[in-house]
Amino acid sequence: MVTFKKKTNNETETKEIAARLASMLNRGDVITLEGDLGAGKTTFTKGIAKGLGIKEIISSPTFTIIKEYMGGKLPLYHMDVYRLEGSDEDIGFDEYFYGDGITIVEWAHFIEDYLPKQLLTITFLYAKDGGRILSFKASGKHYEAIVDQLSRNL
Amino acid sequence: MKKDCFILGIETSCDETAVAIVKNGREIISNVVASQIESHKRFGGVVPEIASRHHVEQITLVLEEAFEKAQLDWDDIDAIAVTEGPGLVGALLIGVSTAKALAFAKQKPLIGVHHIAGHIYANRLLAEFQFPLLALIVSGGHTELVLMKEHGRYERIGQTRDDAAGEAFDKVARMLNLPYPGGPHIDRLAAVGEETIDFPRAWLEKGSYDFSFSGLKSAVINKIHNAKQRQETLNKEDIAASFQASVIEVLTEKTYQAAEEFKVKQVIVAGGVAANKGLRMELEKRFSNTSIPLLTPPLELCTDNAAMIAAAGTISYQQGKRSDLALNANPALPLK
């Protein structure tokens, strides 16, 4: 497991890191985002989308659970599984996780049983000064290499 | 004499399994919704089952009931309209597959309908449209302003850049430990609270009809967080009232500005958040001194239903638009 922490001071910085990460991702990659409401999970996803060249507005998937964006270099699947808390429903996760795009999952611990073993988890914490602390945790060689590369470039 | 047109509508894009029969695009003959939120509440859960399994279990029952209530049979039906997107692919597929199977078996025309077009056409079950018209769609998943110059053509002039209005309501409700769905609870608390906190209004760039509620969400989080740290107690009712005032002012003012700019002859409100009493009151107040009529549908037509899909499908049917049996669920279907 490889871990790495990075502080960001505003949304723009958060998005820049996300865009940089996006350039290192491949088909079938899964990233889980954890953190309280307003911590920056959807903001980070906006940065990923920008990095993939997606022009559409990335809006919150909380209500719809999944939003799909096909206009970029790779398909982006943006999930918020908060509403699935306490449910054991599989809403076709494998088709996303082992599919042809990049999947971002907010509140992923609610669907732990369905997640792939290897993935990249990013946790967002509020910093005392109003900024955010992003903690990257990579499981599996593929994601470890990504986090290693990212930490060197930031 | 021109024959009456009966369209069967099917909607399974998210939480609701719904089937309806609508006459001439204007009159509800039957409108059956198996509310999964209700059924789930019974078991004490707060999570609506999004699972397609629930749609599968209910679709044939709901379909049978729609025919039974309508006192009609298949010979009376001119076409089948179904929500093809946007929504959850697994949920959409149940409706689409059902509609395709029925269209094939009963040899009826098939019409794919955009979910938002449905919400807009819910209003045509109340009054005839006057073009150009402006539709404010506010629901769990959508916050959009759509301009229509004629039937069946939609021009999106504004949309949310982050949270939909309904999501903002649900998230603030979550912070206040209110049950899901949070919108009605916030509305209820807001009615008795005072607007004591001046939360920000996201007007965005001048002339923009887009919306943004994530800054407001953060402001509410900070307020609650800071109060906790100082061990102050915040009045939930006042937070709800102050939050709701911000959302409503932005929705109302942008709708009004757009109505003026595009010189519309009618403003319609659609989607689940259109059931919010505070929003209805404020919109009615804003448009009361204007010559622009405002249409707000009754509660059962605000939330997801199939009558609205049949109503929107009727226009497509009359315009000669047909889908073939290759119709597929499209989770990211654009509104055109």
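A: Begin with pairing: two strands pair if DSSP finds at least two bridges between them. Keep in mind that the model is predicted.

Q: Which strand order does the open sheet of 5 strands in chain B have?
A: Strands of a sheet pair through backbone hydrogen bonds, either parallel or antiparallel. Here the order is β8-β7-β6-β9-β10 of chain B, and the pairing is mixed. β8 (155–159) and β10 (294–295) of chain B stand at the edges; each has a single partner strand, so one side of each lacks a neighbour in the sheet.

Q: In which sense do β6 and β7 of chain B pair?
A: Strand β6 (residues 133–138) and strand β7 (residues 143–148) of chain B are antiparallel, with 6 bridges between them.

Q: Which helix lies across β6, β7, β8 and β9 of chain B?
A: That is α8 (residues 236–261) of chain B, which runs at about 160° to β6(B).

Q: How is chain B divided into domains?
A: Domain 1 covers 6–122 + 302–318, and domain 2 covers 130–296. Taken over C-alpha atoms, the centres of domain 1 and domain 2 of chain B are 27 Å apart. Their contact takes 11 residues from domain 1 of chain B and 18 residues from domain 2 of chain B. On the domain 1 side, the elements giving two or more residues are α4 (115–121) and α11 (307–318) of chain B. Of these, α4(B) gives the most, with 4 residues. By class, that side of domain 1 has 8 nonpolar, 3 polar and no charged residues.

Q: How many residues of chain B are in contact with chain A?
A: The contact involves 30 residues of chain B and 22 residues of chain A. On the chain B side, α3 (89–106), α5 (165–175) and α7 (214–229) each give two or more residues. The most come from α5(B), with 6 residues. The residues of this side divide into 12 nonpolar, 9 polar and 9 charged.

Q: Which residues does B:Ile221 touch?
A: B:Ile221 is in helix α7 of chain B. Leaving out residues up to four places away in sequence, B:Ile221 touches A:Leu37, A:Gly38 and B:Met175. B:Ile221 is partly exposed, because 18 other C-beta atoms lie within 10 Å. B:Val172 is 49 residues away along the chain, yet its C-alpha atom and that of B:Ile221 are separated by 7.9 Å.

Q: What should I look for in the backbone?
A: Most residues other than glycine have a negative phi, and most peptide bonds are trans. A cis peptide bond joins B:Gly85 and B:Pro86, with omega about -10°. B:Pro86 lies in the loop between β4 (79–85) and α3 of chain B. Another cis peptide bond joins B:Phe131 and B:Pro132, with omega about -5°. B:Pro132 is in the loop between α4 and β6 of chain B.

Q: Is A:Ile65 buried or exposed?
A: A residue is buried if 20 or more other C-beta atoms lie within 10 Å of its own, and exposed if 12 or fewer do. A:Ile65 has 22 such atoms, so A:Ile65 is buried. Although not a glycine, A:Ile65 has a positive phi of about 75°. A:Ile65 lies in the loop between α2 (41–51) and β3 (66–69) of chain A.

Q: Where is B:Asn177?
A: B:Asn177 is in the loop between α5 and α6 (183–192) of chain B. B:Asn177 is not a glycine but has a positive phi of about 60°. With 9 other C-beta atoms within 10 Å, B:Asn177 is exposed.

Technical notes:
Residues numbered from 1 in each chain as written. Chains lettered and ligands numbered in written order. Predicted model: local features only at pLDDT ≥ 70, side-chain atom pairs only at ≥ 80, totals over all residues. Domains from an automatic or database assignment. Contact = placed C-beta atoms within 7 Å. Nonpolar A, V, L, I, M, F, W, Y, C, P; charged D, E, K, R; others polar. Axes fitted to C-alpha atoms, helices over the stretch in contact; angles between N-to-C directions.
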